[in-house]
Amino acid sequence: MAVAGPGHEKLGVTRSTRGVSSIPRLSDTTFTDPAKIRNFCIIAHIDHGKSTLADRMLQVTGVVEGRDMRAQYLDRMDIERERGITIKAQNVRLPWNVAGTDYVMHLIDTPGHVDFTYEVSRALEACEGAVLLVDAAQGIEAQTLANLYLALDKDLTIIPVLNKIDLPAADPDRYAAEIAHIIGCDADDVLRVSGKTGVGVTELLDEVVRLIPPPVGESDAPARAMIFDSVYDTYRGVVTYVRVVDGKIVPREKIKMMSTGTTHELLEVGIVSPDPKPSKGLGVGEVGYLITGVKDVRQSKVGDTITLAKNGATEPLTGYREPRPMVYSGLYPVDGSDYPVLREALDKLQLNDAALAYEPETSVALGFGFRCGFLGLLHMEISRERLEREFGLNLISTAPNVVYRVEMEDGTEHVVTNPSDWPEGKARNIYEPIVKTTVIAPSEFVGSIMELCQSRRGELGGMDYLSETRVELRYTLPMAEIIFDFFDSLKSRTRGYASLDYEEAGEQISSLVKVDILLQGEAVDAFSAIVHKDGAAGYANKMTTKLKELIPRQQFEVPIQAAIGSKIIARENIRAIRKDVLAKCYGGDISRKRKLLEKQKEGKKRMKTIGRVEVPQEAFVAALSSDAASDKPKGK
Ligand SMILES: Nc1nc2c(ncn2[C@@H]2O[C@H](COP(=O)(O)OP(=O)(O)OP(=O)(O)O)[C@@H](O)[C@H]2O)c(=O)[nH]1
């Protein structure tokens with residue numbers, strides 16, 4: 001048992017014999033002495049090797065045997081196969097022994113992307129320390145910094161680590177200096193590991209035990225546990241991951257969700273190491289899962305506090321927040337008859353995604369659909385992709401918009417999530433959400449990045465050199481400017497070297513207007529947009545030109561206009577044509593003529609009629625699609 005298997009040798013891992021003794025009895029080790037617990041997470045920029053390092057930790061601690069390693073854990077898609085529970089490999093308990101003492105470490109997974117900052121911050125809340133992982137060939141990137149600041153905000157102990165030191169391109173000395181400069185430590189304190197070969201992982205785990213403080217909590221107080229993750233499992237309903245702060249939770253007890261006051265019976269409590277194992281309960285500082293038979297993740301919300309239904313705590317743990325959609329877009333089935341399928345698909349998706357919001361809406365141009373709210377662009381893209389892939393739908397989404405607040409002269413206030421709800425009349429103040437943005441890039445691109453940010457109404461907040469050749473730029477930008485093709489423009493201006501991160505930063509007053517697009521005097525709702533007044537002409541010209549290309553000529557002239565209120569700001573004309581399908585059919589058989597006319601009628605069925613103008617559905621799809629619209633949102 002204690003001998004490293006062949007898998008370890010191949011990977012260069014000398015598996016420690018130290019953690020092994022406590023593995024078989026892990027499920028019995030409930031109510032571990034908090035002094036022997038270490039709760040930590042790994043924070044990193046995307047692709048800096050978080051998952052690989054986590055896998056290696058599973059292996060080095062003996063939680064996963066070497067020969068099972070590749071099949072079970074590196075292939076993430078396999079992981080959720082027909083088990084009774086959805087596993088998150090990283091919310092895992094790892095045994096470790098240092099100098100003869102057994103410790104229990106909980107490695108807590110954090111979602112990496114900016115859309116899920118709230119979830120990241122909740123996961124960090126469940127830890128006392130964080131491993132800050134930086135690719136030794138790339139150095140610090142924007143998400144490294146964003147996550148680092150979040151961790152510092154929570155007063156976590158940071159262990160700086162350079163990963164991928166096996167790479168020929170690795171330059172650990174240079175990047176150790178960069179990290180030391182940012183977090184104010186000594187460059188020699190930056191550990192060097194390779195998640196791939198396993199070098200340095202044992203030492204890193206020793207440091208986790210040595211440097212990260214144990215959790216503190218009151219074991220006799222009423223139970224309080226924080227939900228830091230919640231997943232929907234087809235077989236078992238919602239599986240909730242918690243960290244116990246005070247007291248203890250045991251199966252069969254009735255618990256209460258403090259944000260809503262709802263009570264549930266605890267059907268199962270357990271730990272994950274690496275498979276879920278039911279346990280007798282969870283005590284102070286412990287991390288594990290709960291199953292209550294709840295069928296919808298909205299009843300088990302990330303950030304909420306769980307207590308006992310009877311004699312429970314009265315004060316929740318701090319900082320719970322309802323997930324709030326930041327970006328809205330209309331989703332419509334390309335084939336109108338798929339509307340009920342879309343409704344069912346959204347219902348199902350929401351079981352697993354507390355942040356997804358939707359309500360039915362109708363559009364003159366696109367028919368029946370839903371107005372959907374998302375945390376951000378990536379969330380939007382993932383949701384749309386899942387709807388299309390998992391439910392076989394073909395969807396059109398309207399251009400995304402942020403949430404505006406409009407104060408009218410008459411004192412009323414409107415929250416606008418859809419351009420078509422823009423209030424009529426005179427506005428006193430219009431507020432739009434803004435974000436604080438961090439861009440990290442080689443210094444040669446500074447000019448070009450500044451130009452881009454300025455063209456998107458950005459305000460420079462500061463600029464710092466991370467090293468001689470790399471620079472961090474901080475801008476405040478309207479969120480609406482980021483959700484369009486900002487990241488793509490940034491990448492193309494910096495030949496792919498820039499990284500970007502942003503966080504919400506409140507709102508600002510702006511001069512915004514609603515631009516309508518009219519076909520023969522009728523507004524086409526799907527194309528209305530809220531834009532800054534300086535960008536209105538640009539949007540107007542782009543859309544009118546695009547539609548002119550896409551809409552076929554009709555039997556009469558069709559003006560395409562863009563307007564702000566009643567003021568026309570752009571115009572194109574589609575010239576009249578009468579397509580005579582009988583033109584080539586001289587004389588001959590009447591039934592043939594009839595057939596041609598029937599066929600023409602068939603074609604017209606797929607047309608949408610806006611006023612008198614017939615527009616093929618494809619024209620709308622094309623106008624809203626990525627190639628045609630430079631305002632198509634892109635993920636990060
Ligand atoms: N050479 C080398 N490659 C590594 C090492 N660690 C990770 N990689 C590679 O780097 C890539 C990204 O690794 P992941 O572990 O998926 O990175 P991640 O940070 O979890 O990425 P996301 O889950 O996408 O955020 C993969 O191709 C890994 O094989 C390492 O120590 N050395």
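**A walk around the ligand and beyond**

Let's start with Asp47, which counts as partly exposed because it has 13 C-beta neighbours inside 10 Å, and the partly exposed class sits between 12 or fewer for exposed and 20 or more for buried. Hi everyone, and one thing before I go on: this is a predicted model.

Where is Asp47? Asp47 sits in the loop between S1 and H2.

Now step along to His48. His48 is in that loop as well, between strand S1, residues 37-44, and H2. Is His48 buried or exposed? His48 is buried, because 28 other C-beta atoms lie within 10 Å and 20 or more is enough for that class. Which residues does His48 touch, once we set aside neighbours within four places in sequence? They are Leu133, Val134, Asp135, Gln138 and Asn163.

Next, please find Lys164. Lys164 belongs to the loop between strand S5, residues 157-163, and helix H6, residues 172-183. Lys164 counts as buried, because it has 24 C-beta neighbours inside 10 Å. Here too phi is positive, at about 65 degrees, and Lys164 is not a glycine. Leaving out neighbours within four places in sequence, Lys164 is in contact with Gly49, Asp135, Ala136, Ala137, Ala170, Ser194 and Lys196.

What does the record say about these residues? In an unreviewed UniProt entry, the annotation "binding site" covers Asp47, His48, Gly49, Lys50, Ser51, Thr52, Asn163, Lys164, Ile165 and Asp166.

So let's look at the ligand in the model. There are 16 residues around the ligand, and Gly49, Lys50, Ser51, Thr52 and Lys196 come nearest. Which helix gives the largest share of that shell? Helix H2, residues 50-60, does, with 3 residues. By class, the shell holds 3 nonpolar, 8 polar and 5 charged residues.

Let's move to another part of the chain, and a pair of helices. Helix H8, residues 339-351, packs with helix H9, residues 377-391, at an angle of about 115 degrees, and the axes are 10 Å apart. The crossing of H8 and H9 is right-handed. On the H8 side you will find Val341, Ala345 and Leu349, which meet Ser383, Arg386, Leu387 and Phe391 in H9. The residues of this contact are 5 nonpolar, 1 polar and 1 charged.

Two more stops. Arg298 is partly exposed, because 19 other C-beta atoms lie within 10 Å and a buried residue needs 20 or more. Arg298 and Ala354 are 56 residues apart along the chain, and their C-alpha atoms are separated by 4.8 Å.

The last stop is a peptide bond. Most peptide bonds are trans. Ser273 and Pro274, however, are joined by a cis peptide bond, with omega at about -10 degrees. Where is Pro274? Pro274 is in the loop between strand S11, residues 268-272, and strand S12, residues 276-278.

Key. Residues are numbered from 1 along each chain as its sequence is written. This is a predicted model: local features need pLDDT of at least 70, side-chain atom pairs count only at pLDDT 80 or more; totals for chains, interfaces and linings use all residues. A residue is near a molecule or strand if its C-beta atom, placed from the backbone, lies within 6 Å of it. Helices (H or I, at least four residues) and strands (E, at least two) are DSSP runs, numbered from the N terminus. Ala, Val, Leu, Ile, Met, Phe, Trp, Tyr, Cys and Pro count as nonpolar, Asp, Glu, Lys and Arg as charged, and the others, Gly among them, as polar. Axes are lines fitted to C-alpha atoms, for helices over the stretch in contact, and angles run from 0 to 180 degrees between N-to-C directions. A crossing is left-handed if the near helix is turned anticlockwise from the far one by less than a right angle, and right-handed if clockwise. Two residues are in contact if their C-beta atoms, placed from the backbone, lie within 7 Å. UniProt positions are given in the numbering used here, feature names are shortened, and annotations may be inferred rather than shown by experiment.
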